[in-house]
Amino acid sequence: MHIVWLPEYAAGVTSELREPTFLVLAALARGRAHGYALLAAVESMSEGRVTLRPGTLYAVLDRLRDEGLAAVAGEEVIGGRLRRYYDLTEPGAVMLRLEVERMRGNAEQADRALRRRSPRAAEA
C-alpha cells in the first residue's frame, strides 16, 4: 500500500493523527453534530477507552477548523445556551480516509508478522 500525501490538504496537518483527533473526525463522518454528541460518539466508538473532556474536545475542534478539516455547521440556542454544530469538510474526509488506510496498512503488517512467528517464539 502506498499513501499519496495531498499537499492541498496538508496546511498545518501532520501525516498521522492522534487517537482523539481521529475519533472526532470519525464521529463527524457520521454527520453534523454538537459537542455533547461528539463526546458521546467518541466514547462509544472507542468502547469507553477514550473519554474526552469538553476542553479537550473544543481544542481538537478548533485545531480541525484551523486546518480546514472541520467546519461550524450551524448554531442554535437551547435552554438559554448556545449549541454549535460541526461537520466534516471534504479535506477532513480525505484526511480521515488517508489515516484509515495508514492504520489498516500498519495492522496488516503486524498481522502478517504475528502469523509468521513460530509457536516457540510466542511462548518466550
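Residues are numbered from 1 along each chain as its sequence is written. In this predicted model local features need pLDDT of at least 70 and side-chain atom pairs count only at pLDDT 80 or more, while totals for chains, interfaces and linings use all residues, and side-chain values use heavy atoms, with hydrogens and water left out.

**Exercise 1.** Determine the strand order of the sheet, and explain which strands stand at its edges.

*Solution.* Start from the elements, which are DSSP runs numbered from the N terminus, helices being H or I with at least four residues and strands E with at least two. Two strands pair if DSSP finds at least two bridges between them, and on this basis the three strands form an open sheet in the order β1-β3-β2, with antiparallel pairing. β1 (33-34) and β2 (70-78) each have a single partner strand and therefore stand at the edges, with one side of each left without a neighbour in the sheet.

Next, examine the pairing of β2 with β3 (residues 81-88), two antiparallel strands joined by seven bridges. Finally, β2 and β3 form a hairpin with two residues between them, and Gly-79 in the turn has a positive phi of about 60 degrees.

**Exercise 2.** Describe how α1 is placed against α2, and classify the residues where they meet.

*Solution.* Axes are lines fitted to C-alpha atoms, for helices over the stretch in contact, and angles run from 0 to 180 degrees between N-to-C directions. The axes of α1 and α2 come within 9 Å and cross at roughly 110 degrees. This makes α1 roughly perpendicular to α2, a label that covers 65 to 115 degrees.

With contact meaning heavy atoms within 4.5 Å, Leu-23, Val-24, Ala-26, Ala-27 and Leu-28 of α1 meet Leu-38, Ala-41, Val-42 and Met-45 of α2. By class, this contact has nine nonpolar, no polar and no charged residues, where Ala, Val, Leu, Ile, Met, Phe, Trp, Tyr, Cys and Pro count as nonpolar, Asp, Glu, Lys and Arg as charged, and the others, Gly among them, as polar.

**Exercise 3.** Identify the element that gives the largest share of the lining of the largest pocket.

*Solution.* A pocket is, on a 1 Å grid over the protein atoms alone, an open set of points where a 1.4 Å probe fits, with protein on both sides within 12 Å along at least five of seven lines, and lining residues have an atom within 4 Å of a point. The lining includes His-34, Tyr-58 and Arg-83, and the largest share, five residues, comes from β3. By class, the lining has seven nonpolar, two polar and three charged residues.

How values were computed:
Parallel < 35°, antiparallel > 145°, perpendicular 65-115°, else oblique.
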